[in-house]
Structures are given as structure tokens and as C-alpha cells.
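Please keep the viewer open as you read.

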Amino acid sequence: MNPSDVGNPGYFHKVVDCQWACPAHTNVPEYIRLIAQGRFTDAYMLNRQSNVFPAILGRTCDRPCEPACRRGRLPSPTNGNEIENPVAICRLKRVAADHKGDVSARLPKAPEKKNGRRVACIGAGPSSLTVANDLMPHGYSVTIFEKYDKPGGLMRTNIPSFRLPEQVLTDETDAILNMGVDIRYNSPVTSLRAVMDEGFDAIFVGSGAPRGKDLELPGRHDVAADSPGGIHIGIDWLGSLAFGHIDSIGEKVLIIGVGNTAMDCCRSSRRLGGKDVKVMARRPRAFFKASPWELEDAEEEGIEIVINHAPKRFVIEDGKLTGMEFDRLEWDADAKKSTVLDTVIIPCDDVILAIGQDNAFPWIERDLGIEFDKWGMPAVNQTTFESTRPGVFFGGDAAWGPKNIIWAVEHGHQAAISIDNHCQSIPVTQRPEWGMNLISQKMGISEWSYHNDYNPAHRQKMKHVDLVQRFEDLHVEVELGFSAEQTAREVQRCLNCDIETVFVAPKCIECDACIDICPLSCLTIAKDGPEEEIRKQLSAPAINPDQALFASLPLPQTGRLMMKDEDLCVHCGLCAERCPTAAWDMQKFQLLISYAGTPAPHTTCVAA
Amino acid sequence: MPSIVKPKVAHPSLVRNELGLTIRDYEGSMSTLCAGCGHDSITAAITRALFELSTPPHMLAKLSGIGCSSKTPTYFVGGAHGFNSAHGRMPAIATGASAANRTLTYLGVSGDGDSLSIGLGHLCHAIRRNLNMLYIIENNGVYGLTKGQFSAASDVGSRSKKGESNKMTPIDPVQLALSLGATFVARSFSGDKAQLVPILKAGLAHRGFAIVDVISPCVTFNDHEGSTKSYKSTRGRYNVATESDFVPHASEIVAEIGGVGQTNVTMHDGSVLRFTRLPENYDVTNRQAALDYLKAHQGEVVTGVLFADESVPEMHEMNNTPAVPLGSLPFEKLCPGSAELAKLMEDFR
């Protein structure tokens with residue numbers, strides 16, 4: 001079997017599951033350690049490097065890191081038949097943001113002297129703001145066109161303030177805009193050609209997916225204009241709410257759809273006067289799009305989630321919406337095929353449609369050299385984010401449809417690299433390389449620079465404002481954030497997956513000490529052979545094929561290989577502590593990510 | 001010593017034995033021995049053997065004397081009985097314990113110093129009594145706990161860490177045991193658990209005294225160039241004389257036992273020690289054959305179960321003791337009283 005190439009930053013990056021899963025590759029274990037040390041400002045700034053909006057994301061991120069968390073694959077410390085919950089990474093991010101000191105001196109600054117290049121961004125959402133964040137410090141002049149009078153895009157219009165307080169949003173958008181971004185509010189772009197005619201060197205389209213899907217069923221257009229209730233498009237309705245255009249809703253509200261937008265709609269409805277709010281889902285619960293925690297939060301607020309109901313028609317009496325008719329469905333096991341059991345009419349005053357959203361580019365002329373597919377989506381390169389017209393880039397939801405904020409941020413970073421290349425006449429396909437630091441954490445015999453003990457604490461539960469207080473004001477933030485005690489417990493649940501077990505084969509004397517001590521049976525000294533033969537020899541079966549299986553060079557005394565299944569390693573460092581020859585060492589892996597205009601990173605490895 | 005206790009979290013595929021215990025339930029305290037000590041590997045092998053045999057922890061008695069080796073019973077089966085005796089006196093304590101309660105499983109861990117120097121006499125007599133126990137010698141050829149002097153197991157010509165050469169002839173516990181009439185004699189290596197674990201299981205199942213000499217390199221004082229008990233030297237001179245599997249009674253498959261060309265030794269509990277490879281014309285029940293093989297392979301580290309004989313009665317059988325622990329007998333039976341004693345004395349007058 002070929003030895004693993006641990007010199008490639010990708011090998012250990014993949015071991016840090018959270019960082020690997022994060023679209024922006026946030027260095028999660030390091031910022032959790034900084035929080036553990038009370039260095040909240042440092043933790044915040046480390047987050048900001050990669051994800052730009054730590055305080056916003058600490059409340060709203062879809063957290064792809066958490067399902068990936070290694071902790072979530074380990075047996076529960078109190079019940080071996082259950083699996084542990086992942087570390088509350090997202091809410092720890094909020095801890096860093098909540099307790100940070102004054103960061104103004106550490107935020108990026110734009111130089112006085114500009115480089116003479118002008119970049120236009122369309123839409124002031126997370127992807128455009130990231131582009132500005134990455135390019136402004138290098139002397140670019142960035143202009144953002146925004147249709148509303150405030151920045152933030154869907155972060156402002158679609159996320160209710162009880163989840164994301166307005167001040168938190170404004171602080172982080174200001175950190176970018178205050179670099180001197182030329183932001184033009186109330187300036188919806190109606191013609192890309194007109195923008196081009198202003199002579200920008202590059203244009204970034206970060207206009208999001210702003211068009212909520214409609215539901216064309218009988219009765220859709222029969223509600224009288226002066227009727228008190230009605231049928232609303234979810235994201236438009238949330239936008240109206242965000243800008244204060246509406247302040248009430250009927251007592252009986254039905255939400256159609258069961259994604260995260262539906263959750264925001266139903267919880268907002270409760271605050272605007274909705275007493276009987278139901279979320280109507282076509283399919284069973286296992287097939288919902290909404291994140292489980294958002295479903296939980298909604299149910300906590302007394303919202304009923306009704307499954308297996310397919311909308312059939314709006315019931316309108318005398319121009320007034322009185323209810324909605326549904327087919328009751330029965331599904332097969334994988335919810336592919338359904339049969340209709342019967343139909344029911346559920347009375348309601350308002351219906352909010354939250355069944356998805358589309359991109360819409362009526363304002364891009366089709367003769368500009370920007371190709372669109374048959375669904376009206378632009379042809380965008382997956383790596384460079386460039387459209388078929390050089391110098392025009394797409395990112396965020398505008399590129400490939402609705403994702404989430406953290407993806408938009410990463411799109412912004414990548415597009416900024418492309419824009420920088422484009423403006424410096426470097427091919428956009430030439431992507432900067434990443435590096436790594438790999439530095440021993442050994443402080444002495446059985447002494448490490450990190451807290452290596454496994455802590456059996458369970459995931460801390462986020463405390464919420466009580467229900468009465470919650471509904472008194474639309475803007476009361478529901479989540480209270482972790483207390484100091486909760487934070488102290490939660491940070492110790494992190495397994496320090498970035499402190500890597502680094503093995504040097506020539507030093508090994510094959511004493512088996514590491515194998516004997518490993519609590520998770522990760523290690524084996526195996527006879528060399530094809531991978532499938534080696535897998536049969538492992539101390540414990542490698543049950544997760546997505547995880548790397550480390551193979552060393554042949555060992556000096558017997559020519560066998562040291563094998564490590566990375567899957568369940570808790571990074572306790574006992575293998576290195578029990579190694580008499582320091583063939584195993586615990587070394588901190590730091591991924592050095594390249595951004596627009598930053599010098600190429602320099603890989604540094606320091607052994608014990 | 002490690003900075004932390006081995007985390008209790010374990011791999012989800014962890015299996016349970018007949019008692020519903022996992023191998024983690026057979027662990028003890030954290031080892032305080034040097035990192036890389038062969039003794040820790042033997043501890044891991046003992047842990048596995050006892051787990052696989054489903055030995056109830058409370059039915060195990062761990063005994064030891066003094067030395068690095070004798071510290072190790074603390075590091076396995078925390079729930080067992082234990083006795084850390086005076087230097088070299090473990091066989092005597094084991095004899096007494098076994099006499100009082102024959103229902104426990106006795107496992108003694110000793111070293112080359114404890115067994116071959118100060119405790120040599122006690123070891124010899126335990127062999128003679130055919131005491132029913134597994135007796136492990138963790139043999140590193142050096143006094144590790146007193147910083148590396150030659151032991152009675154050091155080979156002639158083996159060099160100390162400072163370069164001094166040993167001149168006195170060693171005592172080979174395997175040859176000693178064979179010559180004294182031991183009924184189960186084996187040698188293995190801490191770095192070869194595939195061989196060691198089945199040997200330990202067979203030794204535990206053996207009726208009588210099972211002695212296993214385990215080469216266990218001392219990483220701190222005897223793992224250098226010129227040492228004959230280093231990992232490298234042991235691997236370089238490794239001779240697997242016999243290969244055997246331990247087939248527990250419960251999983252015995254009659255068709256497989258006694259297959260053509262196989263040699264089996266049936267243990268008293270019905271389990272089988274099945275030899276899958278033996279040297280030509282080698283009879284594992286022939287004491288002289290083992291001695292001849294050792295002589296023919298002088299200078300090599302001869303390993304495997306070298307001799308096994310289940311036919312010899314063990315101490316309790318020789319002494320015709322009751323089947324139950326003495327402590328469970330009624331007082332009247334244990335002590336017939338003054339009248340009986342007077343009557344007995346009268347017979348001698």
C-alpha cells in the first residue's frame with residue numbers, strides 16, 4: 001500500500017472534519033481553543049479571516065461543520081448505544097462575537113492610494129460584501145449597487161430580527177463598508193449594460209435569488225384587494241416585515257413548505273398575531289428541508305407541523321380567503337410515491353408560500369456575451385466564478401441558486417481572487433496555492449500545549465427567552481447565547497482535530513505501546529499488501545469509508561506498516577506520550593488559505 | 001506517566017464477551033512504566049486473553065513480587081483480587097491463596113530478577129507442587145528498577161547500556177522449568193501478540209503450573225546495540241518453534257479437531273490447544289524433545305508452547321483437598337476439636 005502523503009495540506013485538512021466541511025474552511029478548533037482561553041477578540045478575528053461575518057453566522061449559519069464534527073460519530077459517554085451530539089460550533093462562534101473587545105484597529109483598512117481599478121458589485125449581500133472585504137485593502141475601488149436603503153441582502157430581508165438583531169448585522173456590514181466602499185442605496189440595477197457603460201474593470205453579480213416561488217392553484221388570484229387576509233410569497237413577506245411595511249397577520253395562518261424560510265415565516269407570524277399557525281408539509285418529517293434545530297425552535301413556539309398534506313386549492317368566499325384544501329397523502333418508504341387518502345379543508349386567514357426561490361435576471365441583456373441556460377441561469381465556471389463574458393463574475397445565490405450565507409462568503413472569496421487576477425492580467429484559472437503549518441505541541445514529557453483530555457460532557461443546550469417575553473416585541477432575540485459556564489463546558493467537548501498525530505516511520509521500534517494505549521483502536525501495525533488485505537488486519541474495522549486510512553512507510557525492523565484509521569481519533573495524544581522514540585508526535589495543523597492579493601503562503605513543519 | 005487517564009470513550013464496534021463485558025472492562029489503572037516498555041504490551045495481551053476467556057474479574061487473583069514487572073497487575077483487571085508480595089515470594093503467597101480457595105483463577109506476574117534471583121527457590125518449589133496457576137516471567141534481562149544492572153537472565157556477552165559485557169552464564173527459565181518437571185512451558189515475545197495471546201489463554205486453561213517466559217525489552221536500559229534482549233535483537237533471532245491456536249471448549253467443532261497432521265492437546269476444561277505447526281518429529285508432550293530443540297537452536301529466541309502435559313495432577317489433586325474453598329467449609333469440619341486432637345496424639349504415643 002502506498003504511504004500517505006501528509007506533506008500535502010489536503011491530508012490533515014480532511015482530518016479536521018469541521019474545517020473541511022465549512023465552505024469557507026474556518027479554522028474551528030483553533031478558535032474554540034482561543035475561546036477556551038478567554039481570547040474572544042482573537043477568536044473573532046480568526047473567524048473573520050475566513051467567514052467575514054462571525055456574529056451573523058454565529059446566529060444564522062446552516063452549520064455544515066456540525067454534522068461533520070467527529071464528536072458526532074463517537075458513542076455517547078453515558079450510553080454506548082447512542083451517538084454523541086456534535087460540538088455546538090456555531091453557537092461558540094457567537095460567544096466569540098458577543099464577548100469580543102474593540103476590533104476596529106484590527107479590521108482591514110483600504111490604502112489611501114488606490115490601484116486605479118474599479119469593481120462593481122450588484123447587490124449588497126454577503127457575497128458582494130466579501131468581494132469588497134477582500135479587494136478594498138489592496139487598493140481597489142469597489143462600488144456596490146443595492147436596491148434597498150440598507151445593506152445585507154437576504155441577511156437583512158429574510159432573517160427575522162428575533163434571530164438576528166439588526167445592530168449585529170449592521171456592525172458587520174459597516175466593518176466592510178467603512179473601508180470606503182462606494183455603496184449606492186436605492187439603486188436597483190435595471191440594465192447590466194448601463195453598469196458596464198460606467199467603465200468598471202470587473203463586475204460581480206451577487207444579486208441573490210430574490211424571487212419567491214408562487215403556487216398557481218385554483219383561487220390564487222381570487223382574493224379581493226381590500227380583503228384583510230390573503231396569500232403571500234414568503235421571502236417578500238419577510239422583506240416587508242424587515243422594512244416595517246407590515247405589522248400584523250390573521251389569527252389562523254398556514255405556511256406552505258417546510259424549509260428554513262418557512263420556519264422564519266411561521267415564527268414571525270406568531271409574533272404578529274398569529275395564534276393558530278400551521279406549517280403544511282407534503283412529505284414525512286425525515287424528508288424536510290429545514291434544519292432540525294429550526295424545526296425544534298418553531299415547535300417550541302407552539303407551531304404545529306402537519307405532514308403529508310399536498311395543497312390543492314385556495315378556498316375563497318366572497319373575495320376572502322377562508323381556508324385551503326389539501327390532499328392527504330400516504331407515502332412509500334422513501335417518500336417517492338404517494339397515494340391520495342382523502343381531501344381536507346383547513347380554515348385560515350392567511351397563507352404564506354415558502355416553497356423555494358428562483359434567480360431572476362431580467363435586467364441582464366442577453367446580447368452581452370453572458371450565456372444563460374434554458375432555466376435562465378447563467379453559465380458560471382465552478383472554480384473561477386467567471387461567466388462566459390470575461391470580467392463578469394457571479395457568486396452567492398445568483399450563481400447556482402439558493403444555498404446559504406457561508407457559501408456566499410466563500411463564493412465572494414473565490415470571485416475576489418478571480419477579479420484580482422483579471423485586473424492584474426493573470427489568467428483567472430491560475431488559483432493561488434494553499435500551504436500549511438505543522439508544528440509540534442510537545443512542551444515536555446507527557447506535556448502538551450493543548451488540553452488533550454477527552455471531556456465526556458454532553459452538548460450544552462442553548463437557553464431561550466421565555467415564551468411570554470418572546471412575543472411581546474418582534475425584535476426580542478430568542479437565543480440568549482451561552483453562559484460562561486456553558487461556554488466553559490462546550491469548548492472542552494472539542495476534540496482538537498487540528499492537533500495531528502504525525503508519524504515518522506524510521507524512528508519506530510514496533511513496541512506496540514501506541515496500539516495498546518489508543519482508546520479508540522485507531523492503530524494497527526499491519527503486514528504490507530493491497531489496501532483491502534490491510535483493512536482486514538485493522539484493530540477495529542474502519543467503518544467510515546470517507547475517512548482517511550493513514551499508511552506509513554515500511555517500519556525499520558519488520559517492514560510492516562503503521563496504519564491509522566483517522567475516523568474516530570480523539571486526538572488525546574496518548575500514542576505520542578507512550579511512544580519511546582517520539583516516532584509519534586502531536587503537531588498543530590494550520591491551513592494557510594490564500595485570498596485575493598495575499599502573498600503565497602509558506603509551508604512550515606517543526607517536529608518535536 | 002501519561003498526562004491523562006485513557007479516555008473511557010471506545011470504538012462503536014467494541015464486542016462483548018459471554019459475560020457482556022468489553023475489553024475495556026478488563027483494563028486497570030494507567031501504567032507508570034516507561035513509554036515503550038514491553039511489560040505494557042504483555043499487560044495488553046493479558047487483558048485480551050482474560051476478556052476472550054470471559055474470566056469474571058472477581059474470580060481472578062493477580063499476584064506479583066517486586067520489580068517493574070510486579071507493578072503491572074495494577075494495570076489490568078481493576079476489578080480482580082490482587083496481592084503484591086515481598087520480593088520473590090509471590091509463588092509462596094500464590095500457594096497459600098490457592099490452598100485456601102482453589103476456585104479462583106491465579107495469575108502471577110514476575111520478572112527475571114524476581115523469579116530467577118531472589119525468588120528462584122520459591123519458583124522451583126511452585127513448579128514441583130504443580131500449583132494451578134499461570135506464571136508469567138516478564139524477562140528483560142536487566143534490573144530496570146535499579147537502573148540497568150545485569151540480571152540472572154542476561155546472556156553472556158550481552159552489553160549493558162554503558163558498554164560493559166556480561167560474563168556470567170544466564171539462567172534460562174524455560175530449560176529450568178523443563179528440568180524441574182513443569183507441566184506447561186512456553187516462551188513468547190511482548191512484540192508478538194498474535195502468538196502471545198493464545199499462549200496465555202492456553203496457560204490459563206492448563207491444569208497445573210503454566211510458566212510463560214515472555215521476552216519483554218526494557219526500552220530505557222536494555223534496548224541498545226549489543227543487548228541480546230532488545231526489540232531488534234529479539235526480532236533478529238526470532239524462532240517460532242511451534243504455532244498453536246487456543247480453541248475454547250464452547251466453540252469446539254469436532255470435525256476440525258484431530259484433522260490430519262494436526263496435534264491437539266485437550267485441556268482439563270475441554271478446550272483444545274491445537275498445534276498448527278510443529279517441528280518435524282517434535283512431540284510437545286516429550287520433555288526431552290523440547291530440550292533437544294532448544295539445544296539445537298542455541299543463540300536463537302525459541303518461542304511457542306514448547307511442552308504441555310495435562311496428565312499430571314496439580315497441587316490440590318495431589319493433596320486430596322476438598323473441591324470447595326476452605327473458607328466455605330463448616331468450622332467443625334475444618335477443626336475437628338480438642339477431643340479428636342487428643343485421640344490423634346494418643347496414636348503416636
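Predicted model: local features only at pLDDT ≥ 70, side-chain atom pairs only at ≥ 80, totals over all residues.

1. The buried residues in α7(A) are A:I89, A:C90, A:R91, A:L92, A:K93, A:R94, A:V95, A:A96 and A:A97. The helix spans residues 89-99, and because 9 of its 11 residues are buried, it is largely enclosed by the rest of the structure. To apply the cut-off yourself, count a residue as buried if 20 or more other C-beta atoms lie within 10 Å of its own.

2. What do the buried residues of α7(A) pack against? Their partners in chain A are α2 (17-21), α3 (28-36), α4 (40-51), α5 (54-60), α6 (65-68) and α18 (484-491).

3. Now please turn to strand β12 of chain A, residues 338-347, which is hardly covered. Among its 10 residues, the count of buried ones is 0.

4. Where does β12(A) sit in its sheet? The sheet is open, has 3 strands in the order β10-β11-β12 of chain A, and pairs in antiparallel fashion. Both β12 and β10 (309-317) are edge strands, each pairing on one side only. On average, neighbouring strands of this sheet are turned by 20° against each other, direction ignored.

5. The pairing of β11(A) with β12(A) can be followed residue by residue. Strand β11 covers residues 320-331 and runs antiparallel to β12(A), with 9 bridges joining the two. A:M324 stands opposite A:I346 of β12(A), while A:E330 has A:T339 in β12(A) as its bridge partner. The hairpin of these strands has 6 residues between them, and A:A335 takes a positive phi near 55° there.

6. Stepping back, how is chain A divided into domains? The assignment gives domain 1 as 108-210 + 359-423 and domain 2 as 213-356. Taken over C-alpha atoms, the centres of these domains of chain A are separated by 32 Å. Contacts between them involve 6 residues of domain 1 and 10 residues of domain 2. On the side of domain 1 that touches domain 2, the residues divide into 3 nonpolar, 2 polar and 1 charged.

7. Finally, have a look at where the chains meet. Here 25 residues of chain B are in contact with 32 residues of chain A. On the chain B side, α1 (38-52) and α8 (231-236) each supply at least two residues, and α1(B) gives the most, with 4 residues. The residues of this side of chain B divide into 12 nonpolar, 7 polar and 6 charged.

Note on methods. Residues numbered from 1 in each chain as written. Chains lettered and ligands numbered in written order. Buried ≥ 20, exposed ≤ 12 C-beta atoms within 10 Å, placed from the backbone. Pairing = 2+ DSSP bridges. Domains from an automatic or database assignment. Contact = placed C-beta atoms within 7 Å. Nonpolar A, V, L, I, M, F, W, Y, C, P; charged D, E, K, R; others polar. Axes fitted to C-alpha atoms, helices over the stretch in contact; angles between N-to-C directions.
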